[in-house]
Amino acid sequence: MTRRRLSKRQIERIRAIQERRRERLANRPEQALADCEAETPPEEGLVVVRHGASLVVEDHAGELHLCVARQHIGHPVCGDRVVWQRGEPGRGLVSAILERQTVLSRPDYSGRDKPIAANLTRLAVLIAPEPEPSGYLVDQYLVAAEGIGVEPMLVATKMDLLDAPARAAFEQRYAHYCAIGYRTLWISLEQPETLAPLVEALRDQTSILVGQSGVGKSSLVKALLPDRAIQVGRLSAATGLGRHTTSAASCYRLPGGGVLIDSPGVRSFRLGAIGLAELQWGFREFRPHLGGCRFANCRHDQEPGCAIRAAVERGEIATARLDNFHHLARGAGA
């Protein structure tokens, strides 16, 4: 069935309704009940599972509630803070999405941005010796993180597969990320002590792990969540999804504090349409040189007087990063 497109007036009306619901939450139950005495008081909650139309919301006491969302409030995702109201025991209704601090999105089949996770504070990009890492994909994730204001980090897994000379070569291959300020960790599940810096980096944060298929994300999630089976069982009991819970976008509580979002949406992640200015800003080492090109519309390709290419020639920008910028610019239509 073709989705009905909303008019500008309808969209504005929906936004106004959501804003009133947010105000009702802020102004306490007395005003919230003014419209309908049969309603229960609105509460703030955290979306911890998204599977199709089903949501699980965690209340302030940590209890889980299976909820449905009102139509046209948007697309609630894991990490969203929402306004919801209780119904029958264990059930509820989500009536508004609270303002997001950050949102990670990817384009859907029609090209429109579809949110994957909200209110992230950490994005860990995973690479490994096997499969062969894609620098293009790494830079795509980094541009996305820079664009939404989330501090990314690079996490190299499966380092036990490399002997000393191969490891040195692998680390040197990605040294330019350290040089431009991206924290880079080298870990192995065969050496549990190497996980300590990652555990500390994720503490008290809302994080997501991203990377190409086969990089070991699932194994790393299990290592970071020793009680994952218990958490999955608890979420499964709340949703009634059974074994499908592990394929739903879910929030898990980290033992040391913080939340880890595991979403199938990151498996096929790609950037949507992005303008040249935004794409340039996503390459943080380009920023000191932006505005220094001879031509204001310079694409940093063959134009004379290009400040970015001059920085590459001086060794201030890695050649691979400029190559990936051009690849992304062509792919995104920038």
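Let me start with one aromatic cluster, formed by Phe170, Tyr174, Tyr177, Tyr182 and Trp186. This is a predicted model, in which local features need pLDDT of at least 70 and side-chain atom pairs count only at pLDDT 80 or more, while totals for chains, interfaces and linings use all residues. Residues are numbered from 1 along each chain as its sequence is written, and side-chain values use heavy atoms, with hydrogens and water left out.

On the rings, then. Rings of Phe, Tyr and Trp (its six-membered ring) pair if their centres lie within 6.5 Å; planes under 30 degrees apart are stacked, over 60 edge-to-face, and the rest tilted. The count by this rule is seven aromatic pairs. In one of them, phenylalanine 170 and tyrosine 174 have ring centres 5.3 Å apart and planes at 50°, so this pair is tilted. Tyrosine 177 and tyrosine 182 have centres 6.4 Å apart and planes at 55°, so that pair is tilted too. Phenylalanine 170 and tyrosine 174 are both buried, meaning under 20% relative accessible area, with exposed over 50% and partly exposed in between (1.4 Å probe, protein chains only). Tyrosine 177 and tyrosine 182 are buried as well.

Tyrosine 182 also has arginine 284 over its face, 3.9 Å from the ring centre. The rule here is NZ of Lys or CZ of Arg within 6 Å of the ring centre and within 35 degrees of the ring normal. Likewise, the charged end of arginine 287 sits over the ring of tryptophan 281, at 4.3 Å from the centre.
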